[in-house]
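Here is a short note for your first look inside this protein. Keep the structure open beside it as you read.

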Amino acid sequence: MMIFWEAGLVLLAVPKTGTQALEEAFSQRADIVFRHPPLTKHMPLGWFRRKILPLFAPEDQARLKSVAVIREPVDWLGSWYRYRTRGDILGTQNSTAGMDFATFAEGYLSDAQPSYATVGSQGRFLQDNRGRIAVDHLFAYERMDELLDFLEDKVGLAGVTPPIRNASPERPLDLPDELRNRLRESLAFDIELHATAMRR
């Protein structure tokens, strides 16, 4: 997560939406950068409002606007699945090595999610303390150029090309139609939120 004081922006680091690359591209202009630990770096909006925003004067709280990226939700889950096939977590409860995406999706849909499929949701990440979507500026991952134009204009950079960082290993993301439909039903809120960002 990055705070750009003069621009009055807080860029939330929604996991698996290219935030590592955005950090490298724009952190030189950020006044505050939360890099570690992961739970702080990827601080949800509600947590930011409870823990960080009260540190600022009321007039400054009002002018800080939140910015976030949302990815197509099934593709977002696919990125989590692929990311957790990497070798450095092989043999841990979070590893998805040796399983297909369908197994991961079934785990995500289960009432008692296994560790490897416990990844939350983008919609919950963007909710305020009352459970309402409250991010001020929401951009679609698939239209990253729009976010780059927005940030370049606000923070005073030009021609930014974020590096490729934290890329997940390539793996097939095939799903049976029945499972894909159940997954989309479960993710309906996030899917509509993503559609809204795509229409902006």
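The points below cover the packing inside the model and the space left in it.

1. This is a predicted model: local features need pLDDT of at least 70, side-chain atom pairs count only at pLDDT 80 or more, and totals for chains, interfaces and linings use all residues. Residues are numbered from 1 along each chain as its sequence is written, and side-chain values use heavy atoms, with hydrogens and water left out.

2. Start with the largest nonpolar core, which has 23 residues. Such a core is a set of buried Ala, Val, Leu, Ile, Met, Phe, Trp, Tyr and Cys residues joined through side-chain atoms within 4.5 Å. Buried means under 20% relative accessible area (1.4 Å probe, protein chains only). Ile3, Leu12, Phe48, Leu126 and Leu138 have the most contacts inside this core.

3. Elements giving two or more residues to this core are α3 (45–52), β4 (65–70), β5 (137–140) and α10 (188–199). Helix α3 gives the largest share, three residues. Helices (H or I, at least four residues) and strands (E, at least two) are DSSP runs, numbered from the N terminus.

4. Which residues does Leu138 touch, not counting those up to four places away in sequence? They are Ala68, Val69, Ile70, Leu126, Leu193, Ala197 and Arg200. Contact means heavy atoms within 4.5 Å.

5. Another core lies apart from the largest one. This other core has 20 residues, among them Val74, Trp80, Phe101 and Leu183.

How values were computed
Buried means under 20% relative accessible area, exposed over 50%, partly exposed in between (1.4 Å probe, protein chains only).
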